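Open the model in your viewer and keep the sequence panel beside it. The stops below say what to select next and what is there.

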Amino acid sequence: MAMRGVQERPAGLHYRADVVGRAEQSALLDWCRSLETEPVVMHGVESRRRVRHFGVHYDAASWRTAPTEVVPAELVRLRELAAALADVEPATLAEALVTHYPPGAGIGWHRDAQAFGPVVVGVSLAADAVMRFQRTAAGGERRVFEQPLARGSAYVLSGAARSAWQHSVPAVKEERWSVTFRQLRRRPDASASAGYRSDMTTTPDDQSPAEAFQDKDDDKPGVEVGMTEGEGSTFEPEEDPEGSAGS
Ligand SMILES: O=C(O)CCC(=O)C(=O)O
């Protein structure tokens, strides 16, 4: 079903097909399928999609980040590709989020949490999908866009696509995996290891030795208005005219 609204390509959205070749996709998928994953739990409800965090764990209920196991060797080349597309240093992509969408799973309208930096790169594996975008323009007009995400492709969300537009992935028909790389605006919140802040309102003073992050003073708790069931995502509970909220 076509989205209702005025078509506008989000500024800062970049898409590149065939970033990952077939053989590499196949090896990555074998590895992804071997991972233990967990559902995203929001308000006690488990999402249908399942996730595994590397580098940084993000808790959708508390909005807190915490250091977790390092980005593994299997994702290093993918992170380099992602970084090249986004024109950032690979090491700044501190979080790698592996997401499994079984048939029927998707992700609802959201913007990624403000704990994460201004650039998000996502790689699609196993099945084609569509990423939908929406924003409300001056005067209340709805602007929309649909970006097909072919298997093996990558997208970059930066600028307005990252900060002003919401995105969602409608329920997939076939099993899909994605790997999302994100920067941090600051070091992780939770005190999973010595020196990490456990209070989101504290000014960072001792940076994580392991993680690069961008220290921006516009990252304030309370700016986020609610969370989707989506991992690593900030949900703005606007009406969903497409009825396509995620799993
Ligand atoms: O699966 C994707 O490509 C999108 C994931 C996403 O939007 C998120 O995890 O916040």
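Two strands count as paired here if DSSP finds at least two bridges between them. The model you are looking at is predicted.

**Stop 1: the whole chain**

Colour by secondary structure. The chain has three helices and 15 strands. Of its 247 residues, 45% are buried. Among contacts with a separation of 6 or more, 77% are between residues 24 or more positions apart.

Now colour by pLDDT. The chain average is 81, and 77% of the residues score at least 70. Select residues 191–247: the pLDDT there is below 50, although this stretch has 141 contacts in the model beyond near neighbours in sequence.

**Stop 2: the sheet**

Select the seven strands of the open sheet, which come in the order β2-β12-β9-β14-β7-β4-β3 and pair in the antiparallel sense. At the edges are β2 (13–16) and β3 (38–42), each of which pairs on one side only. From one strand to the next, the twist averages 25°.

Strands of a sheet pair through backbone hydrogen bonds, so show the backbone atoms for the next selections. Take β4 (residues 45–54) and β7 (residues 95–101), which are antiparallel and share five bridges.

**Stop 3**

Select helix α1, residues 22–34. This helix packs on the sheet and touches β7, β9 (116–125) and β14 (176–184). The direction of α1 makes about 105° with that of β9.

Next select helix α2, residues 76–86. It also packs on the sheet, where it touches β2, β7, β9, β12 (154–157) and β14. Its direction makes about 125° with that of β9.

Which residues of α2 are buried? Show the side chains of Leu 78, Arg 79, Ala 82 and Ala 86. These residues lie on the same side of α2, because they cover an arc of only 100° around the axis. An α-helix has 3.6 residues a turn, so residues three or four places apart point the same way. The cover over the buried residues of α2 includes β7, β9, β12 and β14.

**Stop 4: strand β12**

Select β12 and show its side chains. Ala 154 and Val 156 point one way, Tyr 155 and Leu 157 point the other way, and all are buried.

Strand β2 runs antiparallel to β12 and is joined to it by four bridges; Arg 16 has Ala 154 as its bridge partner. Four bridges also join β9 to β12, again antiparallel, and Val 120 stands opposite Leu 157.

Centre on Tyr 155. Leaving out residues up to four places away in sequence, Tyr 155 touches Leu 13, His 14, Tyr 15, Gly 122, Met 131, Gln 147 and Leu 149.

**Stop 5: the nonpolar core**

In soluble globular proteins, nonpolar side chains tend to be buried together. In this model the largest nonpolar core has 51 residues. Select Ala 82, Ala 96, Val 98, Val 121, Val 123, Tyr 155 and Val 179, which have the most contacts inside that core. Strand β9 supplies the largest share of the core, six residues.

**Stop 6**

Most residues other than glycine have a negative phi.

Go to His 43, in the loop between β3 and β4. Its phi is positive, near 50°. Is His 43 buried or exposed? His 43 is exposed, because 8 other C-beta atoms lie within 10 Å and a residue with 12 or fewer counts as exposed.

Move to Asp 87, in the loop between α2 and β7. Asp 87 counts as exposed because it has 10 C-beta neighbours inside 10 Å.

Finish at Pro 170, in the loop between β13 (166–169) and β14. Pro 170 is partly exposed, with 19 other C-beta atoms within 10 Å; a buried residue would need 20 or more. Draw a C-alpha to C-alpha distance from Pro 170 to Ala 129: the two are 41 residues apart in sequence and 7.9 Å apart in space.

Conventions:
Residues are numbered from 1 along each chain as its sequence is written. This is a predicted model: local features need pLDDT of at least 70, side-chain atom pairs count only at pLDDT 80 or more; totals for chains, interfaces and linings use all residues. Helices (H or I, at least four residues) and strands (E, at least two) are DSSP runs, numbered from the N terminus. Axes are lines fitted to C-alpha atoms, for helices over the stretch in contact, and angles run from 0 to 180 degrees between N-to-C directions. Two residues are in contact if their C-beta atoms, placed from the backbone, lie within 7 Å. A nonpolar core is a set of buried Ala, Val, Leu, Ile, Met, Phe, Trp, Tyr and Cys residues joined through C-beta atoms within 7 Å. The arc is that of the directions from the helix axis to the C-beta atoms. pLDDT is the predictor's confidence in each residue, from 0 to 100.
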